[in-house]
Amino acid sequence: MEVYMKISPSIASANPLQLGEEVKKVQEHYDDLHIDIEDGNFISNITFGHKTIKALRSVTRLPFSFHLMVTNPYDYLDQIIDLSPSIIFAHVESLLYPSDFISKVRKRNQKCGLAFNPKTPVDPYSYLMNQVDGILIMTSEPDGQGQLFNVAMVEKVKKVAKNYNFKGEIWVDGGIKYEHLHLLGEAGATHAVMGRAVFGE
């Protein structure tokens, strides 16, 4: 079975001392650049502040897919809304009322998605499937071993694609290598976030 997936390079895996040059290397080959915003609270790592992301916008026309791995996603909306987002993902684990966040993103004429950590089931959020443009399934978690791909997450992708007949974008993110793409594509994933596989170790 032939499958087609879009790849979104994760700039968090690029050389932090050469971000501008790293973006220029990939912009001719991909349609989107993935921006992980991590606040040191929701996840222990800290990635990019607004000044850095704004500087990246000045060197590329690629749309930015934003992944808000933060405790309060609302705090970041106004900062990123004018930076040409292709979609904005927030984690269900950080949203008390996900519908409210979706509404606020949509009112800004932006596409909105929900992200799920590996331990979080999608079933309790099935009522939101017709409200969002994308679902992001984390295929690894911070494990101290370089975020290893967890093949068990393929079943979660299948559930979203088949059980809920979801018609939006299904993104996968975490430890993905090129050899995983066919498996994920067959399961129903449409977009793969790839960091180390694109930018190298």
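In this predicted model, helix α1 spans residues 19-26, and its buried residues are L19, E22, V23 and V26. Seen down the axis of α1, these residues fall within an arc of 100°, so they line one face of the helix. An α-helix has 3.6 residues a turn, so residues three or four places apart point the same way.

Aromatic rings were examined next. A pair of aromatic rings is described by the distance of the centres and the angle of the planes. The count comes to four aromatic pairs. One of them joins F64 and F66. Their rings lie 6.0 Å apart, centre to centre, with 85° between the planes. This pair is edge-to-face. F64 and F66 are both buried.

A further pair is formed by F89 and W171. The ring centres of F89 and W171 are 5.4 Å apart and the planes stand at 70°, so this pair is edge-to-face as well; planes over 60 degrees apart count as such. F89 lies in strand β4 (residues 85-91) and W171 in strand β7 (residues 169-173), so the pair ties together parts that are 82 residues apart in sequence. Both F89 and W171 are buried.

Key. Residues numbered from 1 in each chain as written. Predicted model: local features only at pLDDT ≥ 70, side-chain atom pairs only at ≥ 80, totals over all residues. Heavy atoms only, no water. Buried < 20%, exposed > 50% of the residue type's maximum accessible area, 1.4 Å probe, protein only. Helix = DSSP H or I, 4+ residues; strand = E, 2+ residues; numbered from the N terminus. Arc of directions from axis to C-beta. Phe/Tyr/Trp six-rings, centres within 6.5 Å; stacked < 30°, edge-to-face > 60°.
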